Amino acid sequence: MAVRQREMRSATEESVAFGRAARELELKPREFELAVQLGAVRTVASGPGRRRRVSRAEIERHRSADGFPEGLRSRLWVVGTAEGAELMGISPARFGRLARGGCFAPVRFYVNRYRAVVWHYLAADLVDFADRNPELLTGRTPSLLRTALEEREDRRGRSWRARRIDQLLARTDDPWERAAVTASVLTPEDLAVGVPDENERAYVTGLRPALVPARSDAMAAHEVIESVILAEDPDEIEWHRHRLTAALAQARAVRPAPAPDPRPGPMPSPAEPVTGTEALADTQAVTEPVRPRGLWDWLRRRT
């Protein structure tokens, strides 16, 4: 126990809180939130409650890199449809077709005043896609993509869910927490099918992370947010059930689910609001992203 306490104290002393890390990395709060979410800035668990912090070594790794801070900020630059289309040199209509077809995954979204979902994309992802697929940027839409767009519904939500799950899985090695991440996009009904044991299901439900830790001003759009978070297509639901079954088998092999608390508290919703400076908010204020000065040319020059 004493060794454990010394290790935790050492980790705390060699790391800093999120607010200070953001300042030392010259990132705005939302840039830093996204950096942590994407894993661009790695965090460690330390101190009471195992709160996430940023190590001094991680901060120095970024500060000593060539092109700091523009290089780091370019990786965190998000754009909407209009600016993304301009960056790729295509029309907003073609950009929308490519996005709906799942050619690139959104990195976050917000719900505007009209309760419509507005998607944001990493500028670096769009530049990479354009450089790898120039044939999709001009002329007629290829027949395979055109057929996919005609036969499938909008795949932006599905692409975002897949990306968000991968991000959360990368943050934990605990087998039950990994199962809970996979379960976070399933409705209670689908979860009951995937986890028939009530005790295991309660444990997994309690461990589910909030895919969209929403700020309080997003509560009016809760239903719209939940429609994005939860899988709806039968094939996507089946895929997540398959992954959940595999994750549960691994978790059971390590340890059984603990006995239920005789006085359990309320279980969190997949879209449970989270507040505080360490919340990784995917819902944003209803504004279009502002182009960081100099990043446009910097991002294009790197390719």
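1. The structure holds eight aromatic pairs; rings of Phe, Tyr and Trp (its six-membered ring) are paired if their centres lie within 6.5 Å, and planes under 30 degrees apart count as stacked, over 60 as edge-to-face and the rest as tilted. One of them joins F104 and Y121, which are edge-to-face, with 5.6 Å from centre to centre and 90° between the planes. F104 lies in the loop between α7 (92-100) and β5 (108-111), and Y121 lies 17 residues away in strand β6 (residues 117-122). F104 is buried at a relative accessible area of 6%, and Y121 is buried at 1%. Here buried means under 20% relative accessible area, exposed over 50%, and partly exposed in between (1.4 Å probe, protein chains only). Ring pairs also link F95, F104, Y121 and F129 into a cluster.

2. The model is predicted: local features need pLDDT of at least 70, side-chain atom pairs count only at pLDDT 80 or more, and totals for chains, interfaces and linings use all residues. Residues are numbered from 1 along each chain as its sequence is written, and side-chain values use heavy atoms, with hydrogens and water left out.

3. The chain has 16 helices and six strands; these are DSSP runs numbered from the N terminus, helices being H or I of at least four residues and strands E of at least two. Of its 303 residues, 48% are buried. Among contacts (heavy atoms within 4.5 Å) with a separation of 6 or more, 79% involve residues 24 or more positions apart.

4. Helix α11 (residues 175-183) packs on helix α13 (residues 198-207) at about 80°, with the axes 8 Å apart. The two helices are therefore roughly perpendicular, a term for angles of 65 to 115 degrees, whereas those under 35 count as roughly parallel, over 145 as roughly antiparallel and the rest as oblique. The axes are lines fitted to C-alpha atoms, for helices over the stretch in contact, and angles run from 0 to 180 degrees between N-to-C directions. W176, E177, A179, A180 and A183 of α11 meet E200, Y203, V204 and L207 of α13. These residues comprise seven nonpolar, no polar and two charged.

5. Seven of the nine residues of α11 are buried, and the helix is mostly covered. The buried residues are P175, W176, A179, A180, V181, T182 and A183. They pack against α10 (156-169), α12 (188-194), α13 and α15 (234-254). W160 belongs to helix α10 and is buried at 1% relative accessibility. The C-alpha atoms of W160 and F109 are 9.0 Å apart, although 51 residues separate them along the chain.

6. Helix α3 (residues 29-38) is also mostly covered, with seven of its ten residues buried. Its buried residues include E31, E33 and Q37. After α3 comes G39, with a positive phi near 85°.

7. Most residues other than glycine have a negative phi, and most peptide bonds are trans. E26, which is not a glycine, has a positive phi of about 60°; E26 lies in the loop between α2 (18-24) and α3 and is partly exposed at 43%. R115 has a positive phi near 65°; R115 lies in the loop between β5 and β6 and is partly exposed at 42%. F68 and P69 are joined by a cis peptide bond, with omega about 0°, and P69 lies in the loop between α4 (56-63) and α5 (70-75).

How values were computed:
Ala, Val, Leu, Ile, Met, Phe, Trp, Tyr, Cys and Pro count as nonpolar, Asp, Glu, Lys and Arg as charged, and the others, Gly among them, as polar.
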